[in-house]
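The following account leads the reader through one protein structure, from a single turn to the sheets and cores around it. Please keep the sequence and the coordinates at hand while reading.

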Amino acid sequence: MKLYANGILLNAAAQSVTLEKSRGDAAATLTAVLLTAAADRYFPKESLALGDAVRLLGDAGEEVFLGAVQAVSRNVETVTLIACDRGLYLTANELSGVFAGSPEGICRAVAMRLSLPVGTLEVPAGWKRLVAGAGVRAFDILRQAVGEDREISIQNGALTVTRAGQERFVIAEETVLASRGTADARQMVNRCAVIDRRGAAAATAQNTTDLARFGLRQRVLGKSGDAAAQAQGGLRGRILRGELTVRGDLRYRCGALVELHRKEFGLDGAYPLTAVKPRWERGLFTTELTWEGEAGRYTASCGRCSGPKRALTG
């Protein structure tokens, strides 16, 4: 790992470096804590300013992060800097107007308004018309255009949209340093009915196992498109959430699936990553993973997860 700010290598002064990305925010955020006593020769106090470029390189010299300083705080012992990549443009800017066309066309229109280059766009087909008024962020427009099953980020400085679940990582037991999790059935929907404009039943779907165990948890939807698919999509099972701290690895991405086989914790399948946080601290490199998914929705042989399957053994 090599950290640069304003062109100065800061490794000798870095007490900790954390890089954080969640799927709810297009920007990746880097936080670095620098020891001022050790840093004086390498990092004069007056050399750091808001807007300065920050780069983080991996061990092989690959660029892991490129952004700009957004906040600085100092005390007697340390300087803490917070930097964000260009994904900040998507959440810090509100746009107005009508965005109509294909999801790809809407993505390109948003990028053009923000002077962002466009990278890979793995977006669904179709046509949409979105009206943006007061308080609507560029990120919100993109999310409406591409749907919830796409990941929005900045890769190599360009707006990128990729399908969720294209990569799957098998978490080896020996790489796990800490874990915690929860299970919650309070938002369960085990029977979903779809009705037409006259109130007549158009389609129903139910999870008989959850229905027998938890009793009726029904949702009623107005018909919109394929009624059978709408009813099936309205079901919601037990929600499993958890956090893992594993040996450091930069390959994890939001939207990838992590496969876990910890039956003693009720986990035996693959779950989508919602946040990834690599951390370097006092020579120790770890990665914190946050995941969330429905019980039974993702399994070890899930056909919808066609991407590469990687075993991470540290």
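**A walk through the predicted model**

Helix α3 is followed by Ser115, a residue whose phi is positive, near 55 degrees. This value, like every other in this account, comes from a predicted model. Of its 314 residues, 42% count as buried. Among contacts in the chain with a separation of 6 or more, residues 24 or more positions apart account for 65%.

Which residues of α3 are buried? They are Pro103, Ile106, Cys107, Val110 and Ala111. Because these residues cover an arc of only 135 degrees around the axis, they lie on the same side of α3. The cover over them includes the strands β8 (97–101), β9 (118–121), β10 and β12, together with the helix α4.

Two of these covering strands belong to an open sheet of 3 strands, whose order is β9-β12-β11 and whose pairing is mixed. Strands β9 and β11 stand at the edges and have a single partner strand each, so one side of each is left without a neighbour in the sheet. Neighbouring strands here are turned by 15 degrees against each other on average, with direction ignored. The pairing of β9 with β12 is parallel and rests on 2 bridges; within it, Val118 has Leu159 of β12 as its bridge partner. Helix α3 packs on this sheet, where it touches β9 and β12, and its direction makes about 160 degrees with that of β9. Helix α4 lies across β11 and β12 and runs at about 135 degrees to β11.

In soluble globular proteins, nonpolar side chains tend to be buried together. The largest nonpolar core of this model has 25 residues, of which Leu90, Phe99, Cys107, Val110, Ile141 and Ile152 touch the most other members. The elements that give two or more residues to this core are α3 (103–113), β10 (128–132), α4 (138–146), β11 (150–155) and β12 (158–163). Helix α4 gives the most, with 6 residues. Leaving aside neighbours within four places in sequence, Ile141 is in contact with Leu95, Phe99, Ile106, Val110, Leu130, Ala132 and Val136. Apart from this core lies another, of 19 residues, among them Ala5, Val17, Leu19 and Leu48.

The loop between α4 and β11 contains Gly147. Is this residue buried or partly exposed? Gly147 counts as partly exposed, because its relative accessibility is 21% and buried means under 20%. Gly147 and Pro124 are 23 residues apart in sequence, and their C-alpha atoms are 8.2 Å apart in space.

Elsewhere in the chain, strand β7 (residues 78–84) includes Thr78. This threonine counts as buried, because its relative accessibility of 13% falls under the 20% limit. Beyond the neighbours within four places in sequence, Thr78 is in contact with Gln15, Val33, Leu34, Leu35, Thr36 and Ser73.

A further open sheet has 3 strands in the order β16-β15-β17, again with mixed pairing. Its edge strands are β16 (201–206) and β17 (218–222), each of which pairs on one side only. On average, neighbouring strands of this sheet are turned by 15 degrees against each other, direction ignored. Strand β15 (residues 191–195) runs parallel to β17 and is joined to that strand by 5 bridges. One of the residue pairs between them is Val194 with its bridge partner Leu221 in β17.

The cysteines complete the walk. A disulfide is a covalent bond between the sulfur atoms of two cysteines. How many disulfides does the model contain? The count comes to 0.

Terms used: Residues are numbered from 1 along each chain as its sequence is written. This is a predicted model: local features need pLDDT of at least 70, side-chain atom pairs count only at pLDDT 80 or more; totals for chains, interfaces and linings use all residues. Side-chain values use heavy atoms; hydrogens and water are left out. Two strands pair if DSSP finds at least two bridges between them. Helices (H or I, at least four residues) and strands (E, at least two) are DSSP runs, numbered from the N terminus. Axes are lines fitted to C-alpha atoms, for helices over the stretch in contact, and angles run from 0 to 180 degrees between N-to-C directions. A nonpolar core is a set of buried Ala, Val, Leu, Ile, Met, Phe, Trp, Tyr and Cys residues joined through side-chain atoms within 4.5 Å. Buried means under 20% relative accessible area, exposed over 50%, partly exposed in between (1.4 Å probe, protein chains only). Contact means heavy atoms within 4.5 Å. A disulfide is a pair of cysteine sulfur atoms within 2.5 Å. The arc is that of the directions from the helix axis to the C-beta atoms.
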